[in-house]
Every structure is written in C-alpha cells, then in structure tokens.
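Welcome! Work through these exercises with the model open beside you, and try each task before reading its solution.

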Amino acid sequence: MLGYAIKQEVSKQLGGYPIDWQGHSAAVMGSQIVLPIIEDDLDYPELKYHQMLGYGLHELGHLRYTDHDPWDWAVHNHGRFLGGLINGLEDVRIEQVMICSGVDQTLFEGAINAALEDGYVDADDRNNICFVLAVEGRRLNGYRLACNSILDESPWSSPIWSALKKIRNAKSTAEVATISLRLHRRLQ
C-alpha cells in the first residue's frame with residue numbers, strides 16, 4: 001500500500017482531524033494528531049496501515065476524552081514522572097472508551113504490539129514503570145500481546161497491580177490523576 005494511500009485512508013477514518021506525518025512517534029500537539037513519518041511514494045505492507053490507524057485512533061481518543069487540566073496540575077505540582085504515570089494509565093482508559101464507542105480492539109493491539117517489536121523493557125528499572133502500566137493495563141483489558149508479562153518480576157508489582165485494578169473503573173482523567181498520584185506516593 002503506497003504511503004500516500006495510507007495517509008489518505010487514515011485521515012478519512014479519523015474524520016478529517018489535522019494530521020502531521022512528521023513525528024518519530026504518535027502524539028497530540030494542541031488539536032493536531034502527530035503520526036510517524038510515512039513516505040508518500042513508498043510501498044508499505046497492509047500491516048503498516050493498520051498500525052498507523054491504531055496510533056491515530058489512540059491519539060484521537062486523547063483529543064476526545066482526555067482532560068489536560070488535572071494532568072497539567074499534577075505535573076506542575078508533582079513532576080514529570082507523575083505525568084508519565086498518568087499517561088500510562090490514561091492510555092488504557094481512553095482506549096477502553098474508544099472500544100466501547102465501536103473501535104475495533106485489534107487496531108490498538110496492532111499498535112501496541114508494533115511498539116513492542118524491539119522487545120519489552122526491564123522490569124526492575126523505575127523509569128519503565130509508565131510503559132509497564134500502559135502495556136499491562138491493556139493486557140488486563142483483554143489485549144492479545146506479543147510479549148509475556150514482566151509485572152510480577154518488578155520490585156513495584158504490588159502498587160502497580162493496585163493501580164491497574166483501580167484504573168478499570170476510572171471514568172475521567174481526573175480519576176486517573178488521583179490513582180496515579182497514589183501510585184506515585186507508594187513508589188517513593
């Protein structure tokens with residue numbers, strides 16, 4: 001599938017939201033979705049389209065369902081590490097909301113499995129907790145992932161498990177921020 005066709009189809013599926021195809025990863029910048037670079041004239045496997053659509057739908061979930069005020073407040077008052085914890089758990093929450101609205105879960109599975117292609121992270125590195133939250137939260141939500149869980153190998157497995165169980169009932173970013181702040185305190 002030509003890169004140009006991937007871009008056109010992803011844009012259509014995202015309802016015409018503005019997309020910047022110059023990123024190194026997927027993100028939201030203001031009201032714009034940033035997706036990894038796709039060359040217009042290169043031919044990509046069909047899998048690439050599904051991965052880009054999964055990334056795009058994930059970021060669309062942030063645009064639709066993430067309230068940045070409690071997240072920004074938490075980062076301002078408690079630091080960037082807490083912001084990463086919020087992101088890991090908010091990723092899980094917004095994808096569940098998107099799935100409940102009709103998005104095919106396999107698109108998100110493909111995107112997270114693509115992020116895991118180079119392997120999972122070390123369980124005993126504190127800097128990896130945010131990513132572990134995002135991966136293991138999705139696994140708890142029934143995603144089929146191409147890696148084994150490392151959560152029980154982590155020295156922080158108990159507080160992480162607790163946060164992951166609580167996130168399943170979170171209805172807002174403010175609730176995610178509260179759960180993340182409790183986790184942050186338990187990790188210190």
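**Exercise 1. Find the surroundings of Asp91.**

Task: Which residues does Asp91 touch, not counting residues up to four places away in sequence?

Solution. Step 1: Asp91 touches His58, His62, Ala134 and Arg138 once those sequence neighbours are set aside; contact here means heavy atoms within 4.5 Å. Before going on, note that this is a predicted model, where local features need pLDDT of at least 70 and side-chain atom pairs count only at pLDDT 80 or more, while totals for chains, interfaces and linings use all residues. Residues are numbered from 1 along each chain as its sequence is written, and side-chain values use heavy atoms, with hydrogens and water left out.

Step 1: Asp91 is found in helix H4. Helices are DSSP runs of H or I with at least four residues, strands are runs of E with at least two, and both are numbered from the N terminus.

Step 2: Asp91 has a relative accessible area of 9%, so it is buried. Buried means under 20% relative accessible area, exposed means over 50%, and partly exposed lies in between, using a 1.4 Å probe and protein chains only.

Step 3: Along the chain, Asp91 and Val176 are 85 residues apart, yet their C-alpha atoms are separated by 10.0 Å.

**Exercise 2. Compare how H4 packs with two helices.**

Task: At what angle do H4 and H6 pack, and at what angle do H4 and H8 pack?

Solution. Step 1: H4 and H6 pack at about 15°, with axes 8 Å apart. The axes are lines fitted to C-alpha atoms, for helices over the stretch in contact, and angles run from 0 to 180 degrees between N-to-C directions.

Step 1: The angle therefore makes H4 roughly parallel to H6. Angles under 35 degrees count as roughly parallel, over 145 as roughly antiparallel, 65 to 115 as roughly perpendicular and the rest as oblique.

Step 2: The crossing of H4 with H6 is right-handed. A crossing has this hand if the near helix is turned clockwise from the far one by less than a right angle, and is left-handed if anticlockwise.

Step 3: On the H4 side, the contact is made by Phe81, Gly84, Leu85, Gly88, Leu89, Asp91, Val92 and Glu95, and on the H6 side by Ile129, Cys130, Leu133, Ala134, Gly137 and Arg138. Sorted by class, these are eight nonpolar, three polar and three charged residues. Ala, Val, Leu, Ile, Met, Phe, Trp, Tyr, Cys and Pro count as nonpolar, Asp, Glu, Lys and Arg as charged, and the others, Gly among them, as polar.

Step 4: H4 (residues 80-100) and H8 (residues 173-187) pack at about 130°, with axes 9 Å apart. These two helices are therefore oblique to each other, and their crossing is right-handed. The contact of H4 with H8 divides into eleven nonpolar, three polar and two charged residues.

**Exercise 3. Explore the nonpolar core.**

Task: How many residues does the largest nonpolar core have?

Solution. Step 1: The largest nonpolar core has 55 residues. Such a core is a set of buried Ala, Val, Leu, Ile, Met, Phe, Trp, Tyr and Cys residues joined through side-chain atoms within 4.5 Å. Step 2: Those with the most contacts inside the core include Val10, Leu85 and Leu133. Step 3: H4 gives the largest share of this core, seven residues. Step 4: Not counting residues up to four places away in sequence, Val10 touches Ile19, Trp21, Leu35, Tyr49, Met52 and Leu53.
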